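Hi,

Here is the structure I promised to pass on. Have a look at it first, and my notes follow below.

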Amino acid sequence: MALTTDEKMAWLERVELFQGLPSEAVRRIAERSGEIRFPAGRHVVTQGIIGNGLYIIIAGRARVVKGDEVVAELGPGDFFGELSVIDQMPRLASVIAEEPTTCLGLASWDLLAEIERDPKLALNLLRALALRLRAAREEHHH
């Protein structure tokens, strides 16, 4: 059964990327997002392919794989795909469903439109990217 807009909003409000946004902005994002189900073993995104959307896991688990190396485990509330949306470059890693996984997907053009409309979303996105960059650098130095 598909999630209602209010249920999507409740999920989005739990994700750091959307925290602090006005409820009208969260509602627009919820209305534009689609619910996508992936069976276990299916690629959600594939390394080397240009991305066209942002994904938020709402149920299930997935792993982030770069080459043959698992670099992260993801679960409900985690998001991915934002970097390729912003720079329109190929994805740096694959994300593979470890079990049946449901995501909210937001098309790149919808995300970019919301970023232009609400500077708070742009700031949240910059913070998230900075945290991931710092974590990657720390991991690389250890």
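Helices (H or I, at least four residues) and strands (E, at least two) are DSSP runs, numbered from the N terminus. Before the details, two housekeeping points. This is a predicted model, in which local features need pLDDT of at least 70 and side-chain atom pairs count only at pLDDT 80 or more, while totals for chains, interfaces and linings use all residues. Residues are numbered from 1 along each chain as its sequence is written, and side-chain values use heavy atoms, with hydrogens and water left out.

On the overall fold: the chain has five helices and eight strands, and from the N terminus the order is α-α-β-β-β-β-β-β-α-β-β-α-α. Along the principal axes, the C-alpha atoms fill a box of roughly 40 × 35 × 25 Å.

Of the 142 residues, 42% count as buried (under 20% relative accessible area, with exposed over 50% and partly exposed in between; 1.4 Å probe, protein chains only). Among contacts (heavy atoms within 4.5 Å) with a separation of 6 or more, 74% are between residues 24 or more positions apart.

Now to helix 1, residues 5-14. Its buried residues are Lys8, Met9, Trp11 and Leu12. Seen down the helix axis, they fall within an arc of 165°, so they line one face of helix 1; the arc is that of the directions from the axis to the C-beta atoms. The cover over these buried residues includes helix 2 (23-32), strand 1 (34-38), strand 3 (53-59) and strand 8 (101-107).

Glu13 is in helix 1 too, but is partly exposed, with a relative accessible area of 41%. Leaving aside residues up to four places away in sequence, Glu13 touches Gln19 and Val26. From Glu13 to Asp68 the C-alpha to C-alpha distance is 34 Å, and the two are 55 residues apart in sequence.

One more spot to look at is Gln88, in the loop between helix 3 (82-87) and strand 7 (94-97). Its phi is near 55°, a positive value in a residue other than glycine. Most residues other than glycine have a negative phi. Gln88 counts as partly exposed, at 39% relative accessibility.

Cheers
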